[in-house]
Every structure is written in structure tokens, then in C-alpha cells.
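The structure is shown first, and the description follows.

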Amino acid sequence: MDYTALLASREVKDLRPEGDIILEGQYREAYDAMLDAHNAGLYVGLIGPVGAGKTALCRKFAADLGKPFDWVTFSDLVRPANLIGSFDPTLVFKYGFSPEAFIPGPFTISALSGGVFLANELNRGDEYVLNTLLDALEERKLYIPALRTWYQVDPNFYLIAAMNPTEQRGTRRLPGAIKDRIKVWVQLGYPKRATEQKIVAANCAEYTLSPAHLELVLELVGSTREDPAIEQPASIRSAIGIA
């Protein structure tokens, strides 16, 4: 089966974030840096705490480029097959161990269809699994072991890595081979109060919250980020949920 031709015809759907993102302040700076890196042919990495808006920013970036968006959130449970793909047992009964029974994973789909792939929480992945990405990033070729075949990566394919700060529990030191292939690193934190207020208001459009109520929500959320006794501060999603 010609997976390259099959995936090249993949429909690009509107994958903008379900909620609104306010493209100002740090988000505008990060977006511009991502665009510059993309135009220069360099992969980009975003570093920031959980819930700082990294995924939403990547979704908007892919949508603005008119590219499909795929992602995998790395953890100890993610294996190479979760990225590359594997045989479907029910199809194996019908076709045997042939390309017709192989279901490509999200990284394969993105690489061969020229999409934007978000390697989310990259520094929580096992080095053995991360090495699966290397050939596609450097040689622009992807090897699918189950099919014993090399595929050419689409020229429009682009990878964005997102990571939590290294001091957070569960993170690992990023392998040098992976880190060397990501040339541009952008630091994100929690947004300024005025920007976060706009984000919360934009994502609670079905309610009319007074400025005083919004300010109370942000004071509560902000206090969790300033108290050293709190291990996991409240994210922007938490602020939206409270509002």
C-alpha cells in the first residue's frame, strides 16, 4: 500500500483551539518565534508549566499554516508503536501481516502527510522511544519496522516539542541527540494578569462575569502560583473552570 499517496490526500480540518487564545504578550512573541523558526526550517521547542497555553498555541499555529495537527503526550507508557503504528489483529486475520493490516500511528501520519506534530511533554518520554523520531527529523526518512520499509518524510512536515520545566516531578534530562535537532527554544510562563483576564473572559462567553468577579478568580489562581507550599499551581484551565 502506498501510504505516502494515501496520507497526502488527507483532509485538513479546522483544528483551531476549541477556546479562544489571546495572541498578545508572551504568546505573540512565542508565535512570531515559532513562525521564524518554521520559515528557517528549524524545529522549535516550547518550555513552560502545565496549563500555560502551549498546546492551544500549537493548534492555532498549525491551523494558521493550513496544516493537519497531530500530537502524542509522552509518558512511561508510550512505546514506539504508539508513534509509528502497529498491526490491527482483526485485519491480520483477513490480510495477514501485510500493509493492508497496518494502522499508522500519529507520528507516521503527520510525517507522511506534511502536518504539524506536537511532541507534548517530550521530557517525560523514554530515550528509547524518543530515538524513534531521529531519522525523520535529521534524514527526512521514516522507517516502519513492521513493514520493513523506509518512507520519505513530506517536505512540509514540521515538529514542535513542548516540555515542562526540568524541576517538575516526572521529567527527564532530554537526550543530546534529540536536543541537538531542536534549534529554537521558547520559554513560556503564566501570562500577565491583563492577558489572562482576557483569556478567561473569552472562554466563558456563555456567562457575563463582572470585572470584580474575574479579578477574584485571578487573585485566587495567582495566589496558588506564589505560595511555595503548593506543589502544582493552578493553570489557566483552572481559572477558566472556576470562572
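A crossing of two helices is left-handed if the near helix is turned anticlockwise from the far one by less than a right angle, and right-handed if clockwise. The model is a predicted one, in which local features need pLDDT of at least 70, side-chain atom pairs count only at pLDDT 80 or more, and totals for chains, interfaces and linings use all residues. Residues are numbered from 1 along each chain as its sequence is written, and side-chain values use heavy atoms, with hydrogens and water left out.

The chain contains twelve helices and nine strands, taken as DSSP runs (H or I, at least four residues, for helices; E, at least two, for strands) numbered from the N terminus. Of its 243 residues, 45% are buried, that is, under 20% relative accessible area with a 1.4 Å probe and protein chains only. Where contacts (heavy atoms within 4.5 Å) join residues at least 6 apart in sequence, 75% of them join residues at least 24 apart.

**Packing of H2 and H3**

Two packed helices are described by the angle between their axes and the distance between the axes. For helix H2 (residues 26–39) and helix H3 (residues 54–65), the angle is about 50° and the axes are 11 Å apart. H2 is therefore oblique to H3, since angles under 35 degrees count as roughly parallel, over 145 as roughly antiparallel, 65 to 115 as roughly perpendicular and the rest as oblique. The crossing of H2 past H3 is right-handed. From H2, the residues Tyr27, Ala30, Tyr31, Met34, Leu35 and His38 meet Leu57, Cys58, Lys60, Phe61, Asp64 and Leu65 of H3. Sorted by class, this contact holds nine nonpolar, one polar and two charged residues.

**Aromatic pairs**

The whole structure holds nine aromatic pairs. Rings of Phe, Tyr and Trp (its six-membered ring) pair if their centres lie within 6.5 Å; planes under 30 degrees apart count as stacked, over 60 as edge-to-face and the rest as tilted. Two of the pairs are tabulated.

| Pair | Centre distance | Plane angle | Class |
|---|---|---|---|
| Tyr43 and Tyr158 | 5.8 Å | 40° | tilted |
| Phe107 and Phe157 | 5.7 Å | 90° | edge-to-face |

Tyr43 in strand S1 (residues 43–47) and Tyr158 in strand S8 (residues 158–163) are 115 residues apart, and both are buried. Phe107 in helix H6 (residues 106–113) and Phe157 in the loop between strand S7 (149–152) and S8 are 50 residues apart. Phe107 counts as buried at 0% relative accessibility, and Phe157 at 3%. Ring pairs also link Tyr31, Tyr43, Phe61 and Tyr158 into a cluster.

How values were computed. Axes fitted to C-alpha atoms, helices over the stretch in contact; angles between N-to-C directions. Nonpolar A, V, L, I, M, F, W, Y, C, P; charged D, E, K, R; others polar. Buried < 20%, exposed > 50% of the residue type's maximum accessible area, 1.4 Å probe, protein only.
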